[in-house]
Amino acid sequence: ADGVAEAEPSQRQADVILAGKAGVLAALRAIRPGAHSAQVSEHIEKAVLSRGCHAVDGTLSRRLTRHDPDGTIFNMLKHRQDQVANDNRESPPDCLFQEGEIWVLDLAVSTGDGAVRMKSFKDTTVFRRLPQHEWIMLMQLQCSKDLLNKIVAESPRQPFHIRRFNTTDDKAGISECIKRQLIVPYPVLHERHGELVSQCKVTVQVTADGVQVLCGPPPHNSST
């Protein structure tokens, strides 16, 4: 607003924001028909490390299909066995980008070691419904059933903000809906005390020449 001074970000705040932007730009440059996700992962990690940050292991990107916001899920980043102690997990399966595909690229970046967690769904205000609506018969609370029916009617496929369902009964029913995995929160990620996390999402279409950004930050060709 006019007359209100905005606080300047600290150096580490700027680093984590710019590292996320650099990682996204690196992915946009690397993705093209015939490219493998392992190649894209290497470009992302190199760009993020150049800012003194780490890409968060386990953030998921999605290859979308029509009317399905979940799509096919891929872990775009390779597990960092060399940096994560006692990490015996398998690396995520490689995927091949093809012309015409629609992807939601998700990248989280941390000033720490990249080991983030979600503390509580109460930090989150945006949720999405999972399609197992038949599980409504297993729910114990009537307020939970009523809430789920309203969500199905108003946001059958798309994410929704919880303020649309803000009655006392709605707030009482959300815990059971989450417990039974009928709705899931978009996570707010936390690092250890003193560290910062930024997250970027961008929706792109794979074209013959690379990618076209459909939704998300514009791909400025700024220095990374």
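Trainee: How far apart are Asp15 and Arg12 in helix α1?
Mentor: They are three residues apart in α1, which puts about one helical turn between them; helices here are DSSP runs of H or I with at least four residues, strands are runs of E with at least two, and both are numbered from the N terminus. In general, an α-helix has 3.6 residues a turn, so residues three or four places apart point the same way. Asp15 and Arg12 form a salt bridge whose closest N and O atoms are 3.1 Å apart, where a salt bridge is a side-chain nitrogen of Lys or Arg within 4 Å of a carboxyl oxygen of Asp or Glu.

Trainee: And is Asp15 buried or exposed?
Mentor: Asp15 counts as buried at 12% relative accessibility, whereas Arg12 counts as partly exposed at 34%; buried means under 20% relative accessible area, exposed over 50%, and partly exposed in between, with a 1.4 Å probe and protein chains only. Before going on, keep in mind that this is a predicted model, in which local features need pLDDT of at least 70 and side-chain atom pairs count only at pLDDT 80 or more, while totals for chains, interfaces and linings use all residues. Residues are numbered from 1 along each chain as its sequence is written, and side-chain values use heavy atoms, with hydrogens and water left out.

Trainee: How many salt bridges are found in the whole structure?
Mentor: The search finds seven. One of them joins Glu101 to Arg63, with the closest N and O atoms 3.5 Å apart. Glu101 sits in the loop between β3 (68-75) and β4, and Arg63 in strand β2 (residues 60-65), so this pair ties together parts that are 38 residues apart in sequence. Glu101 is buried, with a relative accessible area of 13%, while Arg63 is partly exposed at 23%.

Trainee: What about Glu195, which residue does its side chain meet in a salt bridge?
Mentor: Its partner is Arg192, at 3.5 Å from N to O. Glu195 is partly exposed, with a relative accessible area of 25%, and Arg192 is partly exposed too, at 43%.

Trainee: Changing topic, which residues have the most contacts inside the largest nonpolar core?
Mentor: They are Val40, Val48, Phe97, Trp103, Leu105 and Val109, in a core of 24 residues. Such a core is a set of buried Ala, Val, Leu, Ile, Met, Phe, Trp, Tyr and Cys residues joined through side-chain atoms within 4.5 Å. The elements that give two or more residues to this core are α1 (11-30), α2 (37-49), β4 (102-110) and β10 (197-207), and α1 gives the most, with six residues. Apart from this core lies another, of 12 residues, among them Phe127, Leu148, Ile178 and Ile183.

Trainee: Back to α2, then: which of its residues are buried?
Mentor: Ser37, Val40, Ser41, Ile44, Glu45, Ala47 and Val48 are the buried ones. Seen down the axis of α2, they fall within an arc of 165°, so they line one face of the helix; the arc is that of the directions from the helix axis to the C-beta atoms. These buried residues pack against α1, β1 (54-55) and β4, with contact meaning heavy atoms within 4.5 Å.

Trainee: And the chain overall, how many helices and strands?
Mentor: There are four helices and 11 strands, and buried residues make up 38% of the 224 residues in the chain. Among contacts between residues at least 6 apart in sequence, 72% join residues at least 24 apart.
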